Amino acid sequence: MSRVVSLYLPAWPTDRLRHKAGDAAPPAEAPLVMIGREGNRRVVTAADAAAQAAGLRLGMPAAKAQVLVPGLIVQDADPAADAEALELLALWVLQRIAPIVAPDPPDGIVIDSTGADHLHGGEAAMIETLIGRLAMSGVTARAAVADTWGAAHALARFAAEPAIVAPPGHGAAVLDQLPLAALRLPPGMGADLRVLGFERVRDLLAQPRAPLTLRFGPEFARRLNQALGELSEPIEPIRPPDLIEVRRAFAEPIGAAETIARYIGKLTTQLCAALEAKGLGVRRLDLLCHRVDARVEAVRVGTAQPVRDARRLTRLLCDQIEKIDPGFGIELMALAATTAEPLQRRQMASDLIEIATPDISDLVDTLANRVGERAIYRAAPVASDVPERSVCRIPALSPDTGAAWPSHWPRPARLFAHPECIEAIALLPDHPPVSFTWRGVRRRVKRADGPERVHAEWWKRDAELAAIRDYFRIEDQTGERYWIYRAGNGEDPETGSHLWYLHGVFG
C-alpha cells in the first residue's frame, strides 16, 4: 500500500518574501499580505500569521485590509515567482526525504513516501523532522500522511495541527468530519452543494453518488473517488535538470524478483560509469519502477559517504526488492543519483608504507538502510560541564574533530539519559550518603569520593543562575559503583531541591 505525504504551506508567498536577501526583505514583526486581482477587484491572496491574527482573511478587499490594520505591508502577488520558488523547495525535499516529490500549487508539496520513510525513523518522525527543518528556515508548514493524495491534501489543510498520520487502510473515516472544501472541488460547485444542505464530506458519502454526478458533472465524482482511493491519482515527480539518471524500458513487463535484481545490477553499472565520468559518488540513490497501471514504485537507499561501487550499490538496492510491488508488471525502470558529491580516487594503503584503516562504511550503509539513518550514530563530546549535555549524537562516519572529554575527573561507563531519584541518608552539607534506596533496593555505602561540584549553565537559562550539583562516586557493600549527586549545595535552598539522584553506573 502506498503512502502519501501532503505538505501544506499556509503562508508560502509571504514566507518567501521574508527570506529575500538584504534590504528587500520586509520587517519581520510587521503584518504582511499579498495583493492580487479578481477581475477588477484587488483582494488579499496571501497573509502571514501576524496579518491573520489581526483579522485579515483571503479574498478580503485590499482597501479594507489596509484600513483594518495600520502599518500593514502590502506587496503585489507574483504567482510566477511563487511557483518557481515552490519548485526549488520541492527539489530540496526530493534530495532529503523521498524519491517521488512534486509541487502541489499554489501552496503545497506532495510526497510519495513509500519505500523511504524507514530511512527517517518512520512516518511520524519523518514529517516531524521535515516540519522542524522548514520552521528553522522560517517556513510555516503543516503535514499529513494518508493512503491517497486527496486524503492527505484534505487532512493537511483541515485537520493537521501541525501534523497528522492517518492509519494505513483508513478508508473514508478520516474524511467524515472535514468540510466540502477538503475535496478540492471548484468554488462554484462547493457553494451549490452548500445551498443544497451539504456541509461535511460525510453528508455526501451518505447520498447516492449517481444523481449528484449527473447534476454536478464528472469533476465531482473524480475528486471524491480520488480522495477515497477509488481512482488513481499519479504523482509526476519533479526532476532537477542536472540529474544523473539511467533508464531501461522493457518490451514485455517484468515482475519476478530475480529479474528485477538482474536489471538493477545492469542499471547500477551504467550509473556508476556516468558518475565516474563526472568524478562523482552517490549519496542518495533512487530506483523508480513504472508499472503498466501508471503507478510508480520507488525505493531509496542512502550512503554515509560518496560511493561509486556498482556491486555495493546493487546489494543495497536488492535488499529493498521485497518492498517493490510489481503489480501486473514493470515496463520501465529508472535509477537516479538524486544526491551526488565529488569522489576522489585514493591510493590503497600498503603494509610497507602505512597500516590500512578498517573501512566500515559498507556495514554502516547496510544497517542504516535497514533500520534508518537516525539509528546509526556515534557519540561525540560537547563543551559542557553538565554531564547530560556533554555528549551528542553525530553520523557514524563523521570526521574526527579532535575534541575529547576532560580526563581529570572519572565518568561512569553508563550515563542515564534522565537521572533517577533516590532516597539517601547523608550528613549535610558535604558528606556522602551512608546508604541509599534505588529501585526499591536499599544499598549501604562502603566507600565514597567527592563531592565534585558542577555549576549550571546560567548563560543559557535564568532558572540555572544559582543551580548547583554535588556529585559523589560511591561503592556499596557488594562492590558495585555508582555516580550520584545532590541537587543543591546542602545549605541554600535557592541552589536546588537537595534531593538525591543516581546519574550513572561505573563498569
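This is a predicted model: local features need pLDDT of at least 70, side-chain atom pairs count only at pLDDT 80 or more; totals for chains, interfaces and linings use all residues.
The chain is built from 13 helices and 20 strands. Its radius of gyration comes out at 29 Å, well over the 23 Å that the globule rule gives for 507 residues, so the protein is more spread out than a compact globule.

Now for the charges. Searching the whole structure turns up 37 salt bridges, and a few of them are worth a visit. Start with Arg209 and Glu230, whose closest N and O atoms are 3.0 Å apart. Arg209 sits in helix α9 (residues 209-216), while Glu230 is in the loop between α10 (218-228) and β9 (244-254), so this pair ties together parts that are 21 residues apart in sequence. Arg209 is partly exposed, because its relative accessible area is 29%.

For a contrasting setting, go to Glu297 and Arg291, which meet in a salt bridge at 3.8 Å, N to O. Glu297 has a relative accessible area of 5%, so it is buried. Arg291 counts as buried too, with 6% relative accessibility; the cut-off for that label is under 20%.

Next comes Asp319, which forms a salt bridge with Arg370, the closest N and O atoms being 3.7 Å apart. This one links distant parts of the chain: Asp319 is in the loop between α12 (310-318) and β12 (330-342), Arg370 is in helix α13, and the two are 51 residues apart. Asp319 is partly exposed at 32% relative accessible area, whereas Arg370 is exposed at 55%.

Ile360, Leu363, Leu367 and Val371 make a nonpolar surface patch of about 350 Å². Val371 belongs to helix α13, which covers residues 361-371. With 51% relative accessibility, Val371 counts as exposed, because the label asks for over 50%.

The last stop is a charged surface. Asp430, Glu491, Asp492 and Glu494 form a negative surface patch. You'll find Glu494 in the loop between β19 (481-487) and β20 (500-505), and at 65% relative accessibility Glu494 counts as exposed.

Notes:
Residues are numbered from 1 along each chain as its sequence is written. Side-chain values use heavy atoms; hydrogens and water are left out. Patches are made of residues with over 30% relative accessible area and no salt bridge: like charges are joined within 9 Å, nonpolar side chains (Val, Leu, Ile, Met, Phe, Trp, Tyr) within 5 Å. Accessible areas come from the Shrake-Rupley method with a 1.4 Å probe; for residues, only the protein chains shown count as cover. A salt bridge is a side-chain nitrogen of Lys or Arg within 4 Å of a carboxyl oxygen of Asp or Glu. Helices (H or I, at least four residues) and strands (E, at least two) are DSSP runs, numbered from the N terminus. Buried means under 20% relative accessible area, exposed over 50%, partly exposed in between (1.4 Å probe, protein chains only). Lys and Arg count as positive and Asp and Glu as negative; His and the chain ends are not counted. The place of a charge is taken as NZ of Lys, CZ of Arg, CG of Asp or CD of Glu. The radius of gyration is taken over C-alpha atoms; the globule rule is 2.2 Å times the number of residues to the power 0.38.
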